[in-house]
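Please examine the sequence and the three-dimensional structure shown below.

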Amino acid sequence: MKPALAYAAADGTFAATWLLLAFPAVGAAILLLGGRRANRWGPVLACLAAGAAFVLGLVLFAAMLGRAGDDRAISQHLFSWIPVNGFQVDAGLLLDPLSMCFVLLVTGVGTLIHIYALGYMAHDPNRRRFFGYLNLFVVAMLLLVLGNNFLALYVGWEGVGLASYLLIGFWSARPSAATAAKKAFIVNRVGDVGLSIAIMLMFATLGTTSYAGVLGGIGALGANSGTVTAIALLLLLGACGKSAQFPLQSWLLDAMEGPTPVSALIHAATMVTAGVYLIARSAPIFNLTSDGRLLVTIVGAVTLAIGAIIGCAYDDIKKVLASSTMSQIGYMFLAVGLGPAAYAIGILHLLTHGFFKATMFLGAGSVMHGMNDTVDMRRYGGLRTVMPITFWTFAMGYLAIIGFPGWAGFFSKDKIIEAAFDKGGTSGWVLGTVALIGAGVTAFYMTRLMIMTFFGERRWDPDAHPHESPAVMTGPMIVLALGSVISGFALTFGGGLQQFLEPVVGRSAEEGIHTISPTVLTLITLLVVAGGAAAAYRQYGTQAVPRTAPQAVSPVTVAARRNLYGDAVNESLLMRPGQYLTRALVFVDGRGVDGVVNGLAAGIGGSSGRLRHAQTGFVRSYALSMFGGAALVLAVLLLGRLG
Amino acid sequence: MTPTDIPAPSIAYGPLWPMIAVFLAAAIGVLVEAFVPARRRRPVHLVVALAGLTGGLVAVALVARNHHHPTLIAERAVAVDGPTLFIQGTLLLLGIAAVLLLGERSLDSTGGTFVAAAAVVPGSRGERQLTASSTMQTEVFPLAMFALGGMLLFPASNNLLLMFVALEILSLPLYLLAGLARRRRLLSQEAAVKYFLLGAFSSAFFLYGIAMLYGYAGSVDLGAIFTATGTVGSNDTLLYLGIALLSVGLLFKIGAAPFQNWTPDVYQGSPTPVTALMASGTKVAAFGALLRVFYVAFGPVRWDWRPLMWGVAILTMGVGAVLAITQTDVKRMLAYSSIAHAGFILTGVVALNRSGLSGSLFYLLAYGFSTLGAFAIVTLVRDADGEATHLSQWRGLGRRSPALAGIFALFLLAFAGIPLTSGFTSKFAVFSAAISSGATGLVVVGLIASAVAAFFYVRVIVLMFFEAPAPDGPTIAVPSVLTYGAIALAFAVTVVLGVIPGPLFTLADKAALFVR
Amino acid sequence: MLRPYIPILFLGILGAALAVVSVLGGGFIGPKRYNRAKLDAYECGIEPTEQAVSAARFPVKFYLTAMLFIVFDIEIIFLYPWAVAFGRLGLFGLVEMVAFLATVFVAYAYVWRRGGLDWN
């Protein structure tokens, strides 16, 4: 199999790998257990913990670059985790180029968002708890990407789910926040079931859950074998839950109830991309199953379309960004579903998206900060001049996401569209077309957002006094905006990221046969994007935006406003049947299982009651039963002897 | 036959001292009754009885130290081997705890749990006066000592006739003791009569069995019966008749189904300290005898009686566990629980190997103390009419007296076989032995019965801790150091054997070899 | 195989038959002429006393005496063979018999001290 599966031991600098986890873990522990004493300095400590992990990540990254390409996967054994007889699970870390990307993204963007949150959450009485949860999230996310086996990944997976739950519901006094947290948790649970069954299946067939064992041994099961496909589909289910992909996408919009830094860090830049990581990490499995890959691309394409359409209809700035996130992760799924050709492109888009989406979320947070936490874009307008830094940084993110030439998205998203067409065949055309149109729609809704927020007349609420955010918030925004501009170019310069990731996910498609010439396709894409942006300008830039959403709109808009009936679909397809199922289960459990149990108990009790009547209290009947018993004993002995 | 043909028997008295000490104490107790003024009898009795039991215990230890080789003494009539000494030691310890309970008199406002004069007609004016009097029928001490002596002899007998004598020695005093409760005289007397009638009935079966076996083997010596069963061509029908009838007598004493009918009535009616003695001591002794008879004499035909024991064990576990569920009286519930436990121990008997034997021995000791402790606590929960044994009266006991209810809960958990109690280790011992001998089906039934049984044990715990106390509920009597001592002993054994069962397992394993 | 027991079986059947035949036979063939004396409870030819009938009990003292008689009777039964084989049993026999007698005398002392020997 691949040489990447032979991991080097963690020595030298890499012996410190575990500290990546330890820094934020200690931070989280101190903050969550420290009590009120930690209120004052706790948030700063959390930032320092995340920052320390980032610095360490950079050091390790430098050390990794110093090694040969095939020697960059470093495994660190920590301890024997579950040493049951015949079942050995070692807790260990795996630092390879793939996880390195995530480490830097999580700690880098994470640190910036920590700092941003210092300003954003400055007046929240529960800041300490908030930062504790943030650190907890960082630990879990790092464990997710650093574990050297699927079980560790699962622990991290659940950990980020927990942190996400806690942070979405951070303002738990709001019923909507509590409900949203619950919804996110439950929808994720659906995906987690898939992941856990996949892990069990791996263990059942391969006897191990370590990456080395599973990814190295999966080939023995044969390409397109039922087991491999089953594992792949279950992994996909898990990935869909975590990454808000169709059909488990509905929770992400509601998750915007959480504080904006959380939306930026967890629900845009890092956690929701864990599904992409899972699929990329399991590349050897997906490589073996064409059905599985096809389904991944379909999920990606459907989600990117859904997300883009929904994004056009919402007036809530965070929900627009959230649906955009769904859509962009759809692109990533599409990419990693294309197989070895595009894993690296998917990861590339993941990283660039991490920058520009975080930029925009932080920008949105900054706007909300200045607008009394209003999220309705119809109450914005003309903020360009009052919040210049926010505007300019946001604009960088905007240009990046629509794929303006030179900006990050141009390098990553266009590549995905290209790769989709290159898949060939009908499916390639379909996927490519969807991706292409998606790019246009993206341009439409993002332009709409920009115009409604920063341009046009001021539709502010009377009590709104917008102002620029403090430096502690704008600083991280500027850094991230810089990333939005250059990350695409920097990562692809000289095939950088693709070569870096090659040991893990395999060789990317080289310049080979293209369905459509890249140059032509780029031009087409730019045209489509320009068209989308122009359409948005025509609708929102040239005429006044009403302060309330118009009701007389086309059915498509109504559908989009309603999340493309995603919740309705969920409700009718999942929730209602789920409730019926639950009720049925409760019924079965109540009448059936409990019935059996209670019935058994009642039966025993009943027979007990009946047998009790044999206990008449009369010596004569006792003696008679003794006599009968003696006869029985005799009969058994004598008959037993005959037989 | 002329007189000159009778050989002079010889008896090595040394190993008999455990029994002699107890019987001597019993005889002295009778003399105490005869010559010590009534007022001072109880303390004197206590001293004599405890001295006898302690002496017996010392004797057991000395015998165990000095007699490394199991022997048959007194014309092969008494076996001095590992099981004998283990069971005698167990019985003596249980006896000490039981005597402590018998001696308690600060529970009832008037003194003692025993009647002042047993012969007074229940319900008469004389009886009412006596209930209020502070005297007690102090004969309980020598009676209990005689019963204990019989119990010591019962499992040690290598001779069916001696075994029968021992059976009667242990039974007759218990028949009397059962009728000596201070409160609820009619119930107590009814218990005594029932126990007596049915006990006599079972003794008759036992005796018939002996006759049949004598007819078969020409001897009542267990070794001789063993030899005879090993020889082909003997009259097998007599043997099986003998085995069947003898088992009836033994199974009656251990309270196995279908000979368990007497147990709840007698346990409920008897004075609770006596019930404690019966539930622990009698069961231990009868199991000892059963093990000896079946392992020593009937070993060669084990495949013939094993199915019978299977059936009895299953029936016993089932009846005990199922019937316990609907009981509303603590003492009756504990009685059915003791039936179920007889079934559990029978699985160890059926295992028919050394680990089965050692597991049974371990189980007997562990269970003996748990049940004794449980009954000891029953004596403390009282209202104006004596012990409050109805389960509804135990509601919310955990709130009134958390320590006591907690200890009772521990005993219940031990009965249920929850880990870290002696009940778990002992059940584990017998079940694993049964599995190793291939009796998996039996163990499955045993586990199901345990699960059913756990239900009503836990129900009582829930009742005690999670329900509001009844407004007119019973009070917890404050006993003297005697009852505390007994409870502490039982508690300690139950916990220690649950946490560090190793040493006793080793001891039981070393003891688990019968002399033939 | 059970040959030696056949006579015993016969004896049992015979005894049962005798009981059945005599009870039933008496009913069938006996003359039925009742008078007051015949309907009275039979009590050793003595006039039945009202007290015994109403209470339906005998004083417990009768039983006590009977039991004491049996105890000493059995004691004697053991003493006879011992006396016969005294020479062979020697000191062992003496010790055992003294122990036995001592035990019986303990019981005797108890009965005596607790008033079991007083009629009133």
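In which helix is the place of Leu91(B)? Leu91(B) belongs to helix α3 of chain B; helices (H or I, at least four residues) and strands (E, at least two) are DSSP runs, numbered from the N terminus. The model is predicted: local features need pLDDT of at least 70, side-chain atom pairs count only at pLDDT 80 or more, and totals for chains, interfaces and linings use all residues. Residues are numbered from 1 along each chain as its sequence is written, chains are lettered from A and ligands numbered from 1 in the order in which they are written, and side-chain values use heavy atoms, with hydrogens and water left out.

Helix α3 of chain B comprises residues 82-103. At 1.5 Å a residue, its 22 residues should span 32 Å, and the end C-alpha atoms are 31 Å apart, which agrees; the expected span is 1.5 Å times one less than the number of residues. Of the 22 residues of α3(B), 20 are buried. Buried means under 20% relative accessible area, exposed over 50%, and partly exposed in between (1.4 Å probe, protein chains only).

Leu91(B) counts as buried because its relative accessibility is 0%. Not counting residues up to four places away in sequence, Leu91(B) touches Leu148(B), Met151(B), Leu152(B), Gly281(B), Val284(B) and Ala285(B), where contact means heavy atoms within 4.5 Å. Gly281(B) is 190 residues from Leu91(B) along the chain, yet their C-alpha atoms are separated by 5.9 Å.

## Nonpolar cores

In soluble globular proteins, nonpolar side chains tend to be buried together. A nonpolar core is a set of buried Ala, Val, Leu, Ile, Met, Phe, Trp, Tyr and Cys residues joined through side-chain atoms within 4.5 Å. The largest such core has 197 residues, of which Phe154(B), Leu160(B), Leu290(B), Phe298(B), Leu346(B) and Phe408(B) touch the most other members. Helix α11 (residues 272-297) of chain B gives the most to this core, with 17 residues. Apart from it lies another core, of 187 residues, including Tyr211(A) and Leu234(A).

Beyond four places in sequence, the residues that Leu346(B) touches include Ile254(B), Phe287(B), Leu290(B) and Met309(B).

## Aromatic pairs

Over all chains, the structure holds 42 aromatic pairs. Rings of Phe, Tyr and Trp (its six-membered ring) pair if their centres lie within 6.5 Å; planes under 30 degrees apart count as stacked, over 60 as edge-to-face and the rest as tilted. Tyr367(B) and Phe415(B) form a tilted pair, 5.7 Å centre to centre, with 50 degrees between the planes. This pair links helix α14 (residues 354-378) of chain B, which holds Tyr367(B), to helix α16 (residues 402-416) of chain B, which holds Phe415(B), and the two residues are 48 residues apart. Tyr367(B) is buried, with a relative accessible area of 4%, and Phe415(B) is buried at 2% relative accessibility.

## A three-stranded sheet

In chain B, an open sheet of 3 strands has the order β4-β3-β5, with antiparallel pairing. Strands β4 (386-387) and β5 (475-476) stand at the edges with a single partner strand each, so one side of each is left without a neighbour in the sheet. Strand β3 (residues 381-383) and β4(B) pair over 2 bridges; two strands pair if DSSP finds at least two bridges between them. Gly386(B), in β4(B), is the bridge partner of Asp383(B).
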